[in-house]
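This report looks at how the parts of one chain are arranged and how they meet. Please keep the sequence and the structure at hand while reading.

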Amino acid sequence: MAPTPVSAHDLSQKHKRVVNFSAGPSKLPDTVLQRAQEEMLNFQETGSSVMELSHRGKTFKSVISEAEKLTRQLLNVPDNFRILFMQGGGCGQFAAVPLNLAGSPGATVDYIVTGRWSESAAKEAEKYCKVRKVHAPKPHASDSSDSEDSEEEWWSELSDNAAYVYMCDNETVDGVEFKCPPRTPPGVPLVADMSSNMMSRPIDFSKYGLVFAGAQKNLGPAGVTVVIVREDLMDGRALPFCPSVLSYHVTSRNDSLYNTPPTFSIYVTGLVMQWVRDSGGVARMQELSREKSSLLYSLIENSQGFYYCPVDKSCRSRMNIVFRLSGGEALEKRFTEEAAKQGLTNLEGHRSIGGLRASLYNAVTIADTRTLASFMRDFAKRVAQIDLV
């Protein structure tokens, strides 16, 4: 039975929904949650919840097939790439990538370190490979190291003999995002953790060998990881002790059904893919992400120093806006407490660096972002008597 259309505003009012600015698990579209709710007890007239279906049965196979088809269509994934649904989140892929792609124990791999998650991935890879860390410039507002010359300098540090080059396309903790992928040496595949920005802009797969994303940002709920890997990279590169459950080859050969997958997470991910398609596709998501992030960054830049962003404009994330208050930690705590009372939640920065952070994933709307901006203006006016445009 098709769900009765209900506006996101009506749903939020009825269920007293807050605006979730968390870095993950993040906000999901209200209409997706409504659809999942309506199908919870009786999925496609089976008399069962999707969580109760056999993962090897015809009905669930159609669910995972549809999720794969929509992912391929929305991202324009070439035919020579396989789309896998795996478990373990991004951290699971920190191990899976070297286990599948290193080629031999102790192989040299390059890790471009731009923040918390690329550093963590490099640390995990050191268990299996010889890791060369390439520290890309992560300029802060007081730096002037954002020129093309500095970019070329660190790109030239990548190894010609590396089994692969690894990057984190968007660092959620640090608020840093690549504007374009680095150029790797000929024949060296580029691996990208896109957990926090996949589906927010088009991907040129000619520049990558593998991309992956934990779903709990733009793709769906926590529990499933989407891995998109070029077919030739699944032949003869896996280390001999790679566990079957982490093997791209085994997962691909079994159509992501080698073991019981996170069925509900895959189902909701498919619903999110339908929502992206019906909302204008990835190109529209990109337009909205630019509009939302520009709105907040403009307010911060024009706040007379009351708010400030420590990241240089050249590499600021569209997904995770990190910022501080010039009044210090006590005022930042007051900010988050008052925001929460207004239904604006999870604005605290990552525990490792503090500060504030607003994550603007796809399901966070323009209206949500404007509501936050309005609160920020009001807070600045009440605390510092500053009228922000």
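## Domain arrangement

In this predicted model, the centres of domain 1 and domain 2, taken over C-alpha atoms, are separated by 27 Å. The domain assignment of the chain places domain 1 at residues 58-275 and domain 2 at residues 280-384. Where the two meet, domain 1 brings 26 residues to the contact and domain 2 brings 25 residues.

## Buried area

The size of an interface is often given as the accessible area lost when the parts come together. Here, domain 1 and domain 2 bury about 2200 Å² between them, with 51% of that area on carbon and sulfur atoms. On the side of domain 1, the residues that lose the most area to domain 2 are Val173, Ser200 and Trp275, which together make up 21% of what that side buries.

## Polar and charged interactions

The count of salt bridges between domain 1 and domain 2 is one. A salt bridge joins the side chains of Glu177 and Arg318, with an N to O distance of 2.8 Å.

## Composition of the domain 1 side

Of the side of domain 1 that touches domain 2, at least two residues each are supplied by α3 (58-75), β6 (170-171) and β7 (176-177). Sorted by class, that side of domain 1 holds nine nonpolar, eight polar and nine charged residues.

Conventions
Residues numbered from 1 in each chain as written. Predicted model: local features only at pLDDT ≥ 70, side-chain atom pairs only at ≥ 80, totals over all residues. Heavy atoms only, no water. Domains from an automatic or database assignment. Contact = heavy atoms within 4.5 Å. Buried area = accessible area lost by both parts, 1.4 Å probe. Salt bridge = Lys/Arg side-chain N within 4 Å of Asp/Glu carboxyl O. Helix = DSSP H or I, 4+ residues; strand = E, 2+ residues; numbered from the N terminus. Nonpolar A, V, L, I, M, F, W, Y, C, P; charged D, E, K, R; others polar.
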